[in-house]
Amino acid sequence: MAGPNIPAAKRAGLPVDIDRLTAEGDGWLTPEDRFALKTHGVCTQLQDGVFMVRVRIPGGVAPTGQMRGLGRVAARYAEDWLHLTTRQQVELHWVRDHDVADVLDALGRHGLTTRSACGHTVRNVMSSEDAGVGLDEPFDCFPDARLISDVLVGRSAELNVVLPSRVNITLGGSPRCRHDALVNDAGLISTVEDGVAGYEVWAGGSLGKSPSPGVLLTPFVPRTDVLAAVEALVDVFVAHGRFDEPTKGRMKYVVTDLGPDRFRATWQEAFDAARARPHPPVPEVEVLDEADRVEVLRHVPPGGWSAGVRPQRTPGLASVTIDLPLGDTCSSEVDLCCDLADRHADGHLTLTRDQNIAFRNVPLAGVAAIRAALAERGVYLLGEGQTAQIRSCTGASVCALGITESPVAGRGLAGNAALRRNSSLRVFVSGCPNSCAQHQIGDIGLAGSKVRVDGHTADGYQVYLGADLDRHEVGEVVGRVVESDLDAAVTAIVGTWEALRHPGEPLGRTVRRYTPEAFSQQIKAALAERWAAGPEPVSSPDSPVLVP
């Protein structure tokens with residue numbers, strides 16, 4: 001099927017006839033109809049007659065009642081599969097075309113929405129999972145994430161027909177959040193100036209097929225103006241974005257077209273205008289005092305502190321993270337998590353940016369009970385399982401854009417000995433160049449593609465190395481490998497890093513110090529004809545053509 005005429009679909013108002021979809025199935029849908037459905041979170045799956053439905057979880061936090069309801073919807077309509085995304089959302093796959101309306105209705109009864117979860121919309125607004133409780137967070141940014149999401153989704157009928165492309169927004173104050181701010185359209189870094197809570201504002205970051213770190217707009221905007229700051233970014237994007245060029249519609253191209261200085265000045269003018277408009281008040285939050293780290297660390301949870309059991313700023317409380325390999329779970333696991341959150345935490349589940357589930361405000365005495373209850377189901381706290389940490393999208397088994405089955409690759413690498421002995425390494429596996437798993441910012445990034453190696457074309461991966469967001473550097477393609485040789489390539493990469501790294505040096509920095517070209521040649525020496533240096537040539541007839 002030909003790709004949609006996206007500008008035409010928007011100019012037509014993105015009409016959606018879900019009642020007809022229920023009555024007749026999906027055979028009548030045009031490409032433009034399918035694009036319009038995406039703005040309601042209903043996305044074409046690879047197979048006919050079924051859809052993926054993406055559910056917004058603003059800020060990644062949901063009460064257990066909502067999550068139990070979501071699990072029941074998945075069990076009834078989506079083959080009991082819930083996939084957690086890197087944007088703190090939940091995807092339901094294999095939803096029959098005739099059931100889409102019932103699914104949307106059922107989600108609505110649980111206070112959940114799919115509006116603007118896909119397509120050229122303001123996507124789910126992310127928030128630090130440690131907001132308000134982490135030692136690095138100066139205040140709780142979750143209420144602001146929720147406010148921004150609610151207000152902009154409330155304008156979705158207006159915005160979705162004029163946005164040149166999607167808008168990704170993230171909030172938080174930790175070092176991890178600073179990294180996220182660089183690779184999102186709007187990055188709001190929590191900070192405090194003269195006792196006033198606010199945000200450092202970044203804009204224009206993006207990954208995808210042409211990654212580009214964002215630019216700093218201002219070092220401080222008070223919380224009272226955060227909604228105006230985001231609205232101003234949207235206004236600039238609508239006014240200057242490439243509406244008629246969807247493949248170059250992202251905000252980063254506006255930064256390129258205007259230049260950083262003019263973009264900054266244009267945003268400032270729009271910000272001044274936005275501040276003059278009325279906005280709902282921001283919820284009250286407390287500017288947090290510096291945590292008493294000595295008192296915090298006087299306390300020890302059962303089994304000690306770890307990646308999955310981290311101290312909160314209130315002595316005697318912990319944040320506990322459950323490892324969900326590849327972000328996949330089912331209704332019974334969700335119910336178990338909800339039971340544990342009600343019994344030992346604060347009655348909420350937090351979906352993390354690494355596709356896991358976290359509990360907050362857990363008294364240390366409850367950690368052992370959580371660990372034991374999970375172990376009965378073969379589920380572990382983060383860092384306590386026997387597998388490496390792999391991030392993956394859903395891949396070609398269900399995604400219409402997927403080229404490789406990235407979860408299969410992820411499961412294969414989970415037992416890689418080199419990764420298991422270096423548990424801090426992050427391997428991000430995308431099933432195509434579109435970067436749903438954010439492969440350009442992993443320690444090792446893998447993008448599914450048709451690759452030509454040793455004169456033969458097959459399904460495989462382009463390998464990205466050199467990401468170092470502390471230095472505003474994303475990974476670059478160093479070579480390509482077929483699926484069957486992926487484990488050997490990763491072993492060679494990790495072993496080379498182990499041999500060359502300085503104490504405490506991350507993989508990306510070692511790669512940059514020796515150059516990506518040198519690493520590529522080392523892998524070729526190890527794999528011989530099973531490795532091809534550099535990216536797949538653009539002119540290759542086997543290079544994939546993707547529909548946005």
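Thr85 touches Glu91, Thr352 and Gln355, residues up to four places away in sequence not being counted; contact here means heavy atoms within 4.5 Å. The model is a predicted one, in which local features need pLDDT of at least 70 and side-chain atom pairs count only at pLDDT 80 or more, whereas totals for chains, interfaces and linings use all residues. Residues are numbered from 1 along each chain as its sequence is written, and side-chain values use heavy atoms, with hydrogens and water left out. Thr85 lies in the loop between strand 4 (82–84) and strand 5 (90–96); helices (H or I, at least four residues) and strands (E, at least two) are DSSP runs, numbered from the N terminus. With a relative accessibility of 9%, Thr85 counts as buried (buried is under 20% relative accessible area, exposed over 50%, partly exposed in between, for a 1.4 Å probe and protein chains only).

The largest nonpolar core has 52 residues, of which Leu70, Leu92, Ile322, Ile357 and Phe359 touch the most other members. Such a core is a set of buried Ala, Val, Leu, Ile, Met, Phe, Trp, Tyr and Cys residues joined through side-chain atoms within 4.5 Å.

Helix 18 (residues 507–514) packs against helix 19 at an angle of about 100°, their axes being 5 Å apart. Axes are lines fitted to C-alpha atoms, for helices over the stretch in contact, and angles run from 0 to 180 degrees between N-to-C directions. Helix 18 is therefore roughly perpendicular to helix 19 (angles under 35 degrees count as roughly parallel, over 145 as roughly antiparallel, 65 to 115 as roughly perpendicular and the rest as oblique). In this contact, Thr510, Val511, Arg512 and Tyr514 of helix 18 meet Pro516, Ala518 and Phe519 of helix 19.

The axes of helix 17 (residues 486–500) and helix 19 (residues 516–527) come within 10 Å and cross at roughly 125°, so the two helices are oblique to each other.

Most residues other than glycine have a negative phi. Leu326 is placed in the loop between strand 12 (317–323) and strand 13 (328–329) and is buried, with a relative accessible area of 6%. Thr515 is found in the loop between helix 18 and helix 19 and, at 32% relative accessibility, counts as partly exposed.
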